[in-house]
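Here is a short briefing on one structure. Keep the model open while you read.

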Amino acid sequence: MNKLLISIVMASFCFSCAAQDISLPNPQRTGGKPLMEALNDRQTTREYSDRELDEQTLSDLLWAAYGFNREDKRTAPSANNRQEFILYVVLKSGVYVYDAKANVLIQKVKGDFRAKTGKQEFVAVAPLNLVYVVDLKKNSAEGAAIDCGYISQNVYLYCASAGLGTVVRGWFDKEDVRSALQLNEEEEPILTQTVGYKLQS
Ligand SMILES: Cc1cc2nc3c(=O)[nH]c(=O)nc-3n(C[C@H](O)[C@H](O)[C@H](O)COP(=O)(O)O)c2cc1C
């Protein structure tokens with residue numbers, strides 16, 4: 001009887017944990033602007049509206065950034081196939097880790113930490129800030145910097161194709177980011193990137 005009670009309590013506890021995660025719809029892997037048009041439109045944006053991204057857009061964006069386009073390989077290349085990045089997704093509702101295989105955002109911290117991801121005012125207005133965190137067990141921070149550029153450019157091109165604004169950012173306080181994302185000793189933030197709808201002037 002006691003065992004049954006414990007199982008029920010544990011099951012409901014696990015359910016309430018999982019309920020914070022965001023299961024994303026399957027990414028749409030076709031469509032968008034032709035590559036040459038996306039390259040033509042790629043640019044940095046620093047003025048954003050606070051309009052949220054819907055889950056389909058979020059899914060498409062994250063897949064473009066760092067999803068799997070083959071069984072075990074991704075949309076971005078990495079030296080020696082290290083696949084050393086952990087994509088942190090900072091939304092108004094919390095800090096999440098992108099599980100690319102399961103297509104789920106796993107909530108790590110609840111609450112709005114967007115302002116902690118950078119020094120520029122728009123980081124707290126735009127709906128999404130990505131933080132590219134290297135797993136130091138797989139590569140050094142210096143070694144990972146080049147691989148990071150490919151992920152960031154994927155985001156730039158997706159945004160150009162989808163009519164979104166984006167800016168990759170090196171100007172952030174490492175300690176602020178570390179504490180907001182609750183990073184451990186083996187995780188190091190390399191770059192951040194804001195995404196959102198452009199403010200119409
Ligand atoms: C590694 C890197 C770090 C950057 N850091 C910042 C930043 O912290 N803040 C910012 O507003 N722009 C940042 N940028 C964006 C550049 O300023 C921008 O790419 C450049 O001005 C050229 O503009 P374009 O992207 O529209 O071609 C960064 C770009 C790179 C590649």
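The points below cover the sheet, the helices and the ligand surroundings.

This is a predicted model. Its seven-stranded open sheet runs in the order β1-β4-β3-β2-β5-β7-β6, with antiparallel pairing. Helices α4 and α3 pack against each other at an angle of about 140 degrees. The ligand has a shell to which strand β6 gives the largest share of residues.

**Sheet edges**
- β1 (22-23) and β6 stand at the edges of the sheet.
- Each has a single partner strand, so one side of each is left without a neighbour in the sheet.

**Hairpins**
- β2 (residues 85-91) pairs with β3 (residues 94-99) in the antiparallel sense, over four bridges.
- Two residues lie between β2 and β3 in this hairpin.
- V89 stands opposite Y96 of β3.
- β3 also pairs with β4 (residues 104-110), antiparallel and over six bridges.
- G94 stands opposite K110 in β4.
- The β3-β4 hairpin has four residues between its strands, and N103 in the turn has a positive phi of about 60 degrees.

**β6, β7 and the helices on the sheet**
- β6 and β7 (residues 187-196) pair in the antiparallel sense over five bridges.
- V167 has T194 in β7 as its bridge partner.
- Helix α4 packs on the sheet and touches β2, β5 (128-135), β6 and β7.
- The direction of α4 makes about 10 degrees with that of β7.
- Helix α5 (residues 174-181) also packs on the sheet, touching β2, β3, β5 and β7.
- The direction of α5 makes about 85 degrees with that of β7.

**Helix pair α3 and α4**
- The axes of α3 (residues 55-66) and α4 (residues 141-162) are 7 Å apart.
- Their angle is about 140 degrees, and the two helices are therefore oblique to each other.
- The crossing is right-handed.
- On the α3 side, T57, D60, L61, A64, A65 and Y66 make the contact.
- On the α4 side, the contact residues are I151, N154, V155, Y158 and A162.
- The contact of α3 with α4 divides into eight nonpolar residues, two polar and one charged.

**Ligand shell**
- Which residues surround the ligand? They are Q43, T44, R46, Q120, V167, V168, R169, G170, W171 and L191.
- Three of the shell residues come from β6 (residues 165-169), the largest share.
- The shell around the ligand holds four nonpolar, four polar and two charged residues.
- V167 of the shell is also the bridge partner of T194 in β7.

Terms used. Residues are numbered from 1 along each chain as its sequence is written. This is a predicted model: local features need pLDDT of at least 70, side-chain atom pairs count only at pLDDT 80 or more; totals for chains, interfaces and linings use all residues. A residue is near a molecule or strand if its C-beta atom, placed from the backbone, lies within 6 Å of it. Ala, Val, Leu, Ile, Met, Phe, Trp, Tyr, Cys and Pro count as nonpolar, Asp, Glu, Lys and Arg as charged, and the others, Gly among them, as polar. Axes are lines fitted to C-alpha atoms, for helices over the stretch in contact, and angles run from 0 to 180 degrees between N-to-C directions. Angles under 35 degrees count as roughly parallel, over 145 as roughly antiparallel, 65 to 115 as roughly perpendicular and the rest as oblique. A crossing is left-handed if the near helix is turned anticlockwise from the far one by less than a right angle, and right-handed if clockwise. Two residues are in contact if their C-beta atoms, placed from the backbone, lie within 7 Å. Two strands pair if DSSP finds at least two bridges between them.
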